[in-house]
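The briefing below takes up the ligand site and then the domains.

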Amino acid sequence: MYIVGLGPGDVSLITLKAYAIVRKVEVALYTGSLLSPKLVKLIKENAREIYNTAEMSEEEIANVLEEGYRRGKLTAWFHDGCPTIYGGLWGVIKRLRERGVPYEIVPGVPSFCAAAARVGLELTVQERSQTVIISRISRRTPMREEERVRNFVGRGTIVLMLSIHAPELVVEELKAGGLTENTPIVVVHRATWGEPVEKIIRCRLGELPEVVKRENIKGCAVIIVGPCTDEDITCNVPPSVVYSPDKHKYARSTVVEGH
Ligand SMILES: C[S@@+](CC[C@H](N)C(=O)[O-])C[C@H]1O[C@@H](n2cnc3c(N)ncnc32)[C@H](O)[C@@H]1O
């Protein structure tokens, strides 16, 4: 029984392992509202029994997975991106463990990595940001006060998922942490889904609500803010230690033969 990440949307970004599973799957569950139409098509072309988990409870998902496993069918729950980030897995994993159903999680390309790649960014910037904070704005989902995004401003690159539905709150939270309306940010809508669905927008923090409205951005988007989205900073990054000529020997000497 597999819990499989299919990546951000582009079929060519499926890992070889996930592709082998999707080609052989018999009982397939998939996160309906988040998978690209191409990924859904691929699943539907291959699986005999198909369930959209957008309309199911944790108990129902666990029941279908368990039943598929007990019938000896190749059973898989397909996720967008990587299931290990905001996959909503715990309620299902808990039940599978209680029922003695073995499972394997197959990682996928996370959407925030795909988003950064599509913009042409490295999320980390030498001497400016060696930390990436992946978080979200919460309206209904309970979230500890200590984890509020405002507490992480200035501590690294911030990647916001599950937040584009509340652009005003994003602005409020980041401003509460010390950013100004003029801070450059990047929004990537449905990264790798292809034209005209994919949208890559560079704007200022204060413009976010207007941009979301104007570009009709709904649901699936990542917001990136940090040194990597500030061209004044990225134009003047200091040389990388890893690739500096005098450190080259050291870097090479730490590579273990055969690895
Ligand atoms: C429930 S979370 C699942 C995240 C997923 N497990 C991953 O690794 O990306 C859904 C959120 O992921 C982000 N997301 C997923 N796919 C995306 C894509 N192709 N482009 C931009 N954001 C995406 C959005 O922030 C969306 O609200």
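Which atoms of D80 lie 3.2 Å from a nitrogen atom of the ligand? The answer is a backbone N or O atom of D80, a pair that falls under the term polar contact, meaning N or O atoms within 3.5 Å. This is a predicted model, in which local features need pLDDT of at least 70 and side-chain atom pairs count only at pLDDT 80 or more, while totals for chains, interfaces and linings use all residues. Residues are numbered from 1 along each chain as its sequence is written, and side-chain values use heavy atoms, with hydrogens and water left out.

**Ligand contacts**
- A nitrogen atom of the ligand is also found 2.7 Å from a backbone N or O atom of I85.
- In the side chain of S111, an N or O atom lies 2.5 Å from an oxygen atom of the ligand.
- The protein buries 95% of the 560 Å² that the ligand exposes when taken alone (accessible areas by the Shrake-Rupley method with a 1.4 Å probe).

**Ligand shell**
- Around the ligand are 19 residues, among them C82, A191 and A221 (near means a heavy atom within 4 Å).
- The shell divides into 14 nonpolar, three polar and two charged residues.

**Domains**
- The domain assignment, which is automatic or from a database, gives domain 1 (2-109) and domain 2 (112-234).
- Their contact (heavy atoms within 4.5 Å) takes 12 residues from domain 1 and 11 residues from domain 2.
- Each of the two domains supplies at least three residues to the shell around the ligand.

Technical notes: A polar contact is a pair of N or O atoms within 3.5 Å; within protein, one must be able to donate a hydrogen and the other to accept it, and residues adjacent in sequence count only if both atoms are side-chain atoms. Ala, Val, Leu, Ile, Met, Phe, Trp, Tyr, Cys and Pro count as nonpolar, Asp, Glu, Lys and Arg as charged, and the others, Gly among them, as polar.
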